[in-house]
Amino acid sequence: MQLPSRLQQQLEFIVEIDKLKKVFRQTFLIDKTRRENDAEHSWHLAMMAMVLGEYAPEGTDLSRVIRMVLVHDLVEIYAGDTFAFDDVGHRDKELRERQAADQLFGLLPADQKGILRQLWDEYEAQETQEARFARTLDRLQPLIHNYYTDGGTWKKFGVKADRVWPRVDAVAQGSKALGQLAQELVERAIAQGILQS
């Protein structure tokens, strides 16, 4: 049986995004057994949006935030994950990810391509409160993991507090309360010696 072309395109996209499960981040799982993959990270952010949504600015469309965090790292299937503290990798990150977005979302039927690409572009532009709250969660999640893994990637890569504080500022841009949580976690990490000042 020949599938309708729309369904065939959707199926190809669904099969392709399964590759996100093979893109590993530097962040360790909280049980320290291995690094998390991008699909797990995106799922975790979606759950955080549901649980921590009350700390988003008033009027934030949380369903849009959830869709955004599920889409935001899909481009890493082709562009790879760029570690937060990899200065060299960040030089061409934007270009690599834009090219990856063109390729990946181009697999979809035109209407769905437009919807998913718009969510991804909105996240990247950081001009809406939904995008800022999505980024807040994206920055908070690794801070939580690093704190609960006794320094995790901070220790592994010799990351010091002066490199982490800007990440705290990014959390605070989308939520004052979650920014305070991030600050508290970093202060505790420094006091406990799991993050060097």
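## Asp 111 and helix α7

Asp 111 sits in helix α7, which spans residues 110-125. The model is predicted. Asp 111 counts as partly exposed, because its relative accessibility is 43% and that class lies between the 20% and 50% cut-offs.

Where does Asp 111 stand relative to Ile 144? The two residues are 33 apart along the chain, and 37 Å separates their C-alpha atoms.

## Overall fold

How many helices and strands does the protein chain have? The count is eleven helices and two strands. Read from the N terminus, the order is α-β-β-α-α-α-α-α-α-α-α-α-α. The radius of gyration is 17 Å, close to the 16 Å that the globule rule gives for 197 residues, so the chain is as compact as a globular protein of that length.

Along the principal axes, the C-alpha atoms fill a box of roughly 65 × 35 × 30 Å. Take contacts between residues at least 6 apart in sequence: 66% of them join residues at least 24 apart.

## Burial, surface and charge

Of the 197 residues in the protein chain, 45% count as buried.

Charged side chains come to 26 positive and 31 negative. The centres of these two sets lie 3 Å apart.

## Helix α3

Which residues of helix α3 are buried? In this helix, residues 62-71, they are Arg 64, Val 65, Met 68, Val 69 and Val 71. Viewed down the axis of α3, the buried residues fall within an arc of 160°, so they line one face of the helix.

What do these buried residues pack against? Their partners are α2 (38-52), α6 (93-105), α7 and α8 (129-148). Helix α7 is also the element that holds Asp 111.

## Thr 136 in helix α8

Thr 136 belongs to helix α8. Is Thr 136 buried or exposed? Thr 136 counts as buried, because its relative accessibility is 0% and the cut-off for buried is under 20%.

Which residues does Thr 136 touch, leaving aside those up to four places away in sequence? The contacts are Ala 170, Val 171, Gln 173, Gly 174, Ser 175 and Leu 178.

Note on methods. Residues numbered from 1 in each chain as written. Predicted model: local features only at pLDDT ≥ 70, side-chain atom pairs only at ≥ 80, totals over all residues. Heavy atoms only, no water. Helix = DSSP H or I, 4+ residues; strand = E, 2+ residues; numbered from the N terminus. Rg over C-alpha atoms; globule rule 2.2 N^0.38 Å. Buried < 20%, exposed > 50% of the residue type's maximum accessible area, 1.4 Å probe, protein only. Contact = heavy atoms within 4.5 Å. Lys, Arg positive; Asp, Glu negative; His and termini not counted. Charge placed at Lys NZ, Arg CZ, Asp CG, Glu CD. Arc of directions from axis to C-beta.
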